[in-house]
Amino acid sequence: MTSDLIQIYRFAARSRQASDPRSAGYLADAHALGMEAVRRLECQDLYFIEGVLQPGEGGRIARELLSDPITQSVDWGHFFSGDSPPAGQDVPGVHVIEVALRPGVTDPVAEQIVRSAGVLGIQGIRRASTGLRFEITGDTLTRDDLLTLAKRLLANAVIHRYALGQIEPVFPQAAEASAHSETL
């Protein structure tokens with residue numbers, strides 16, 4: 001039965017406001033870097049959840065945990081690895097950069113997602129991870145322009161990794177105790 005298989009779900013929360021202040025700030029910063037070809041830059045919160053969700057639980061997580069339903073909308077579904085882009089990514093002139101924490105960097109929001117889902121009675125979530133999705137509009141933007149934006153504005157190389165397009169989620173691994181002890 002496929003509903004009992006561990007799966008990865010992808011959630012992207014975007015602002016319902018016509019002019020989102022966070023996205024406007026990123027756009028202003030891109031222009032300050034000399035990237036005048038960037039006409040629009042939209043920032044979205046990105047979440048990955050690993051586990052088994054029962055019917056209705058994905059929508060409940062989107063509404064009750066991952067967004068403010070008054071100010072945000074959430075697109076979600078199964079995560080598909082590889083070249084299949086999320087909906088809307090294949091629009092001419094629109095480019096996507098996704099940013100996530102590097103393995104080993106603490107993700108307190110992800111930890112709270114797992115805990116909060118349990119409080120809501122959603123028991124099938126094993127792990128979560130977070131990131132940001134940037135939809136960048138500009139007809140003349142090159143791959144080098146996008147790499148410059150990612151490296152200089154959208155990601156901090158110390159704690160983030162990025163991808164032009166869809167990023168692969170990385171989940172924290174539980175640490176295992178060892179029976180071995182050292183004496184000095």
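E98 stands opposite A163 in strand β6. This pair of residues is a place to start reading the predicted model above, in which local features need pLDDT of at least 70 and side-chain atom pairs count only at pLDDT 80 or more, while totals for chains, interfaces and linings use all residues. Residues are numbered from 1 along each chain as its sequence is written, and side-chain values use heavy atoms, with hydrogens and water left out.

The protein has 4 helices and 6 strands. Helices are DSSP runs of H or I with at least four residues, strands are runs of E with at least two, and both are numbered from the N terminus. Read from that end, the order of elements is β-α-β-α-β-β-α-β-α-β.

Strands of a sheet pair through backbone hydrogen bonds, either parallel or antiparallel. Here, two strands count as paired if DSSP finds at least two bridges between them. The 6 strands form an open sheet in the order β3-β1-β2-β5-β4-β6, and the pairing is antiparallel. β3 and β6 are the edge strands, each pairing on one side only. From one strand to the next, the twist averages 25 degrees. Angles like this one are taken between N-to-C directions and run from 0 to 180 degrees, with axes as lines fitted to C-alpha atoms, for helices over the stretch in contact. β4 and β6 are joined by 5 bridges in the antiparallel sense.

The helices come next. Helix α3 (residues 108-119) lies across β2 and β5, and runs at about 130 degrees to β5. In helix α2 (residues 57-64), the buried residues are E57, G58, G59, I61 and A62. A residue is buried when its relative accessible area is under 20%, exposed when over 50%, and partly exposed in between, using a 1.4 Å probe and protein chains only. The buried residues of α2 pack against β1 (7-15), β2 (40-51), β3 (72-78) and β5 (125-137). In helix α4 (residues 143-154), the buried residues are L146, L147, L149, A150, L153 and L154. Their cover includes α1, β4, β5 and β6 (160-164).

For the protein as a whole, buried residues make up 43% of the 184 residues. A contact means heavy atoms within 4.5 Å. Among contacts between residues at least 6 apart in sequence, 82% join residues at least 24 apart.

A pair of aromatic rings is described by the distance of the centres and the angle of the planes. Rings of Phe, Tyr and Trp (its six-membered ring) pair if their centres lie within 6.5 Å; planes under 30 degrees apart are stacked, over 60 edge-to-face, and the rest tilted. By this rule there are 3 aromatic pairs. In one of them, the ring centres of Y26 and F134 are 5.0 Å apart and the planes stand at 75 degrees, so the pair is edge-to-face. Y26 belongs to helix α1 (residues 21-32) and F134 to strand β5, so the pair ties together parts 108 residues apart in sequence. Y26 is buried at a relative accessible area of 19%, and F134 is buried at 0%.

Another pair is F48 with F79: the centres are 5.6 Å apart and the planes at 90 degrees, so this pair is edge-to-face. F48 sits in strand β2 and F79 in the loop between β3 and β4 (94-101), so parts 31 residues apart in sequence are tied together. F48 is buried, with a relative accessible area of 1%, and F79 is buried with 11%.

Charged side chains give further links. Side chains of opposite charge can pair when their charged atoms come close. A salt bridge here is a side-chain nitrogen of Lys or Arg within 4 Å of a carboxyl oxygen of Asp or Glu, and the whole structure contains 11 salt bridges. One of them joins D75 and R14, with the closest N and O atoms 3.8 Å apart. D75 is in strand β3 and R14 in strand β1, 61 residues apart. D75 is partly exposed at 47% relative accessible area, and R14 is partly exposed at 22%.

E42 and R40 form a salt bridge with an N to O distance of 2.6 Å. E42 counts as buried at 11% relative accessibility, whereas R40 is partly exposed at 37%. In the salt bridge between R133 and E135, the closest N and O atoms are 3.3 Å apart, and both residues are buried. Through shared partners, salt bridges join R10, R14, R40, E42, D75, E98, R133 and E135 into one network.
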